[in-house]
Amino acid sequence: MENLQGEKQLPVPLTSPAGVCVSVACEKVDGAIAVARQSERYADVIEIRLDSLTHPEIEPFLENLVKPLLFTNRPEWEGGACKGPEAARIGLLLQAVQRDCALVDLELRTAPELRGEMLDVLLKHPQTALIISWHDFSGTPSSDELAEILQQQMESGAHIGKIVTTANEYKDVLRILNLQAMAAENNFPLISFCMGPIGKISRLATLKLGGFMTYGAPDGGKETAPGQIPVSVMRGMLSTLSVL
């Protein structure tokens with residue numbers, strides 16, 4: 001099935017917000033599994049940053065972890081560490097889909113033909129949800145620009161959108177959180193918050209405003225983006241907000 005823009009429409013595997021995702025970035029698979037295991041008590045989802053691994057693999061994480069797994073292989077051109085050919089980068093994500101992982105993250109700026117290949121494989125593996133993501137590590141675009149990015153994500157074939165920017169002032173936070181209203185009007189699950197010290201509050205507020213998921217750092221582990229909050233601290237903050 002295709003939408004009016006000609007993009008393939010996928011069956012939707014997820015129907016409710018995912019909550020807190022802990023992002024794990026290590027050089028070795030064994031180390032990443034150990035960090036992920038320590039985080040499972042606090043996490044709803046574990047993100048495995050394949051681009052951080054010296055020798056990335058899929059199977060060991062599926063065999064050793066219980067919580068739903070999100071696989072990301074972020075390229076250098078979007079703030080990640082993957083330097084290899086695009087086909088090889090996407091190939092690892094395709095392996096994760098073929099093993100019916102919970103989620104994969106693919107950048108909006110990925111070449112259309114590679115996105116199409118991903119959509120074709122996802123049609124055969126409806127257990128996996130596709131996040132189409134967009135990041136800005138220097139600032140936050142205007143409201144009109146953000147709305148255009150969101151529109152592109154809604155037309156991309158994604159199950160979930162992700163728009164993450166950097167807050168240089170509080171108005172940036174307000175603009176990024178306001179995207180949740182547009183996403184809700186279109187019944188489109190959206191991850192949206194700001195990186196950086198000023199953006200920390202948005203990592204909590206987004207869940208209270210209908211956001212699909214937020215991201216925290218492993219306790220005692222390194223953050224994968226500026227402003228990430230240790231997951232146990234984040235859980236405590238969210239719990240406090242729930243009873244106020």
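1. R74, E86, R89, D105 and E107 are joined in a network of salt bridges, where a salt bridge is a side-chain nitrogen of Lys or Arg within 4 Å of a carboxyl oxygen of Asp or Glu. Please keep in mind that this is a predicted model: local features need pLDDT of at least 70, side-chain atom pairs count only at pLDDT 80 or more, and totals for chains, interfaces and linings use all residues. Residues are numbered from 1 along each chain as its sequence is written, and side-chain values use heavy atoms, with hydrogens and water left out.

2. With E86, the closest N and O atoms are 2.6 Å apart; E86 and R89 are 3 residues apart in helix α3, so about one helical turn separates them. Helices (H or I, at least four residues) and strands (E, at least two) are DSSP runs, numbered from the N terminus. With E107, the closest N and O atoms of the salt bridge to R89 are 2.9 Å apart. E107 belongs to strand β4 and R89 to helix α3, so this pair ties together parts that are 18 residues apart in sequence.

3. How buried or exposed are these partners? R89 counts as buried at 1% relative accessibility, and E107 is buried too, at 0%. E86, at 23% relative accessibility, counts as partly exposed. The cut-offs are under 20% relative accessible area for buried, over 50% for exposed, and partly exposed in between (1.4 Å probe, protein chains only).

4. Helix α3 itself deserves a look. This helix covers residues 86-98, 13 residues in total, and reaches 18 Å from its first C-alpha to its last, close to the 18 Å expected at 1.5 Å a residue (the expected span is 1.5 Å times one less than the number of residues). Its buried residues are R89, I90, L92, L93, L94, A96 and V97. What covers them includes β3, β4 (103-107) and α4 (112-123), with contact meaning heavy atoms within 4.5 Å. After α3 comes D100, whose phi is positive, near 60°.

5. Across the whole structure, the search finds 9 salt bridges. One of them joins the side chains of D44 and R235, at 2.6 Å from N to O. D44 lies in the loop between α1 (29-39) and β2 (45-49), and R235 in helix α8 (residues 231-243), so the pair ties together parts that are 191 residues apart in sequence. D44 is partly exposed, with a relative accessible area of 28%, and R235 is partly exposed with a value of 28%.

6. On to the rings. Rings of Phe, Tyr and Trp (its six-membered ring) pair if their centres lie within 6.5 Å; planes under 30 degrees apart count as stacked, over 60 as edge-to-face and the rest as tilted. The count by this rule is 2 aromatic pairs. F61 and F71 form an edge-to-face pair, 6.3 Å centre to centre with 70° between the planes. F61 sits in helix α2 (residues 59-64) and F71 in strand β3 (residues 69-72), so the pair ties together parts that are 10 residues apart in sequence. Both F61 and F71 are buried.

7. F193 and Y215 make a tilted aromatic pair, with 6.0 Å centre to centre and 45° between the planes. F193 is in strand β7 (residues 190-195) and Y215 in strand β8 (residues 213-216), so parts that are 22 residues apart in sequence are tied together. F193 is buried at 2% relative accessible area, and Y215 counts as buried at 3%.
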